[in-house]
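Work through the following exercises with the sequence and the model side by side, and try each task before reading its solution.

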Amino acid sequence: MNDNKSRILEVEVGKVLCLPKKREPVEKCIFCVHSKKIHEAGVWKISPARAYCVLNRSDDKVNIEKADAIECDDIKGEGYRSILNVIS
């Protein structure tokens, strides 16, 4: 599912390894500009963070508590960045 411009972050005990030494709560992923897709119950769904983008608009319902992986496009190592900073 991922390409050379993204990585798959496994959800472990409600957290993802956002940066090499920084675990973040998976709930943050639904507000992160780097979150592309969320893997839930065997299906990849477009992240709610991407719903603000016209090209990636989606009405997929995501239950982040059931997610087991996140597709993340943070290849520069910036870490969590809130979508709210982009849309405000």
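**Exercise 1.** How many bridges join β1 to β6, and do these strands run parallel or antiparallel?

*Solution.* This is a predicted model, in which local features need pLDDT of at least 70 and side-chain atom pairs count only at pLDDT 80 or more, while totals for chains, interfaces and linings use all residues. Residues are numbered from 1 along each chain as its sequence is written, and side-chain values use heavy atoms, with hydrogens and water left out. Strands are DSSP runs of E with at least two residues, numbered from the N terminus, and two of them pair if DSSP finds at least two bridges between them. Between β1 and β6 there are 4 bridges, and the two strands run antiparallel. In this pairing, E10 stands opposite A69 in β6.

**Exercise 2.** Find the order of the strands in the open sheet.

*Solution.* The open sheet has 4 strands in the order β1-β6-β4-β5, with antiparallel pairing. Its edge strands are β1 (7-10) and β5 (43-46), each of which pairs on one side only.

**Exercise 3.** Which residues make up the largest nonpolar core?

*Solution.* Such a core is a set of buried Ala, Val, Leu, Ile, Met, Phe, Trp, Tyr and Cys residues joined through side-chain atoms within 4.5 Å, where buried means under 20% relative accessible area (1.4 Å probe, protein chains only). The largest one consists of 10 residues, namely L9, V11, V16, V26, C29, I38, I64, A67, I70 and C72. Strand β6 (residues 67-72) gives the most to this core, with 3 residues. Over the whole protein, 34% of the 88 residues count as buried.

Definitions and conventions: Buried means under 20% relative accessible area, exposed over 50%, partly exposed in between (1.4 Å probe, protein chains only).
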